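Biologist: I would like to learn how to read a protein model, one feature at a time. Could you take me through this one?

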Amino acid sequence: AATILGALSKFFNLGWNHIEIGNRTLILEQMLTSGGGWQDQYGGILPGIKMIETLPGFDQKPDVKWLPSMVFRNPEEKASMLLYYTGITRVANNILSEIVRGMFLNSGKRLNILHKLFYHTKNFGEMVQRGNYHEIGAMVDKTWRLNQALDSGTNPPEIANMRSLIEDYLVGGKLPGAGGGGYLFLMAKDPKAALKIRELLMRNAPNPRARFVDFSLSETGMEVSGS
């Protein structure tokens with residue numbers, strides 16, 4: 001949605017900056033009844049690793065702080081990170097609505113987990129600044145545990161089985177976001193462990209669609225060109 005809006009802005013000379021495109025993406029997602037949040041589009045539109053915050057209220061103006069990306073540049077650490085398309089997808093709008101409903105009804109359990117996620121994110125940002133790969137991996141793993149506490153569907157049985165196969169070779173890993181996209185991000189202990197994970201998952205693929213995907217950190221964010 002953000003890509004389409006960015007292209008329309010350029011084609012019609014609307015002059016929308018990345019923040020405006022992000023806000024309009026949120027509106028478009030609500031019009032499509034997908035129930036999407038405000039944050040995902042900024043993850044894609046803006047470059048690099050960042051921590052994004054907003055204040056309470058309907059007008060969500062993101063405050064963006066960029067974090068160092070040396071973990072994605074160091075050859076050994078880069079070779080230890082894997083992105084695996086599991087082929088297992090789901091629609092997240094009903095899940096999101098249940099979480100939001102719990103917030104508005106002051107569900108103690110949901111609010112407690114959300115508070116933990118808030119402080120965890122702050123600590124995670126500090127850990128990225130320190131640049132310790134194994135500590136960052138442990139924080140990724142904790143994020144996923146908190147995600148599962150908020151929504152148990154974040155770790156369906158097929159994913160749990162895959163994880164059990166490769167647990168001994170992992171520092172951390174999680175399904176990005178609510179897990180609807182079907183991707184699994186993995187941080188192996190070292191490049192040799194990453195090769196072992198590749199071998200195990202290729203030999204035990206959950207379906208014909210499953211495969212490893214090459215990835216890199218975007219240093220430019222969304223770019224729109226015309227010809």
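Predicted model: local features only at pLDDT ≥ 70, side-chain atom pairs only at ≥ 80, totals over all residues.

Biologist: How many bridges join strand 4 to strand 5?

Modeller: Four bridges, and the two strands run antiparallel. You can find a facing pair there: Gly172 stands opposite Met187 in strand 5.

Biologist: Now the inside. Which residues touch the most other members of the largest nonpolar core?

Modeller: That core has 18 residues. The ones with the most contacts to other members are Leu82, Tyr84, Ile166, Leu186, Ile197, Leu201 and Phe212. Next, ask where the members come from. Strand 3 (81-85), helix 9 (157-166), strand 5 (183-188) and helix 10 (191-203) each give two or more residues. Helix 10 gives the most, with five residues.

Biologist: Take one member. What is Leu186 in contact with, leaving aside its neighbours within four places in sequence?

Modeller: Leu186 touches Ser80, Met81, Leu82, Ile166, Leu170, Gly172, Gly173, Ile197 and Leu201. There is also a second, separate core of 16 residues. Among its members are Val71, Val128, Tyr133 and Met187.

Biologist: On to charges. What is the idea behind a salt bridge?

Modeller: Side chains of opposite charge can pair when their charged atoms come close. The structure holds nine salt bridges.

Biologist: Which residue does Lys65 form a salt bridge with?

Modeller: Its partner is Glu53, and the closest N and O atoms are 3.6 Å apart. Lys65 is in strand 2 (residues 63-67) and Glu53 is in strand 1 (residues 49-53), twelve residues apart.

Biologist: Are Lys65 and Glu53 buried, exposed or partly exposed?

Modeller: Read the relative accessibility. Lys65 has 40%, so Lys65 counts as partly exposed. Glu53 has 22%, so Glu53 counts as partly exposed as well. The cut-off for buried is under 20%.

Biologist: Is Asp141 buried or exposed? And is Arg163 buried or exposed?

Modeller: Asp141 has a relative accessible area of 14%, so Asp141 is buried. Arg163 has 12% relative accessibility, so Arg163 counts as buried. Arg163 also forms a salt bridge with Glu167, where the closest N and O atoms are 2.7 Å apart. Glu167 has 35% relative accessibility, so Glu167 counts as partly exposed.

Biologist: Which residues do salt bridges that share partners join into one network?

Modeller: Follow each partner to its next partner. That joins Glu53, Asp63, Lys65 and Lys122 into one network.

Biologist: Now the rings. How many aromatic pairs does a search of the whole structure find?

Modeller: The search finds six. For each pair, read the distance between centres and the angle between planes. Tyr84 and Phe212 are 4.7 Å apart, centre to centre, with 50° between the planes, and the pair is tilted. Tyr84 lies in strand 3 and Phe212 in strand 6 (residues 211-212), so the pair ties together parts that are 128 residues apart in sequence. Both residues are buried.

Biologist: Which residues do ring pairs link into a cluster?

Modeller: Phe72, Phe185 and Phe215.

Biologist: What lies over the face of Phe212?

Modeller: Arg198 does, at 4.8 Å from the ring centre.

Biologist: Last, the backbone. Where is Asn13 found?

Modeller: Asn13 is in the loop between helix 1 (2-11) and helix 2 (18-31). Its phi is near 55°, a positive value in a residue other than glycine. Asn13 has a relative accessible area of 70%, so Asn13 is exposed.

How values were computed
Residues numbered from 1 in each chain as written. Heavy atoms only, no water. Core = buried A, V, L, I, M, F, W, Y, C linked by side-chain atoms within 4.5 Å. Buried < 20%, exposed > 50% of the residue type's maximum accessible area, 1.4 Å probe, protein only. Contact = heavy atoms within 4.5 Å. Salt bridge = Lys/Arg side-chain N within 4 Å of Asp/Glu carboxyl O. Phe/Tyr/Trp six-rings, centres within 6.5 Å; stacked < 30°, edge-to-face > 60°. Lys NZ or Arg CZ within 6 Å of the ring centre and 35° of its normal. Pairing = 2+ DSSP bridges.
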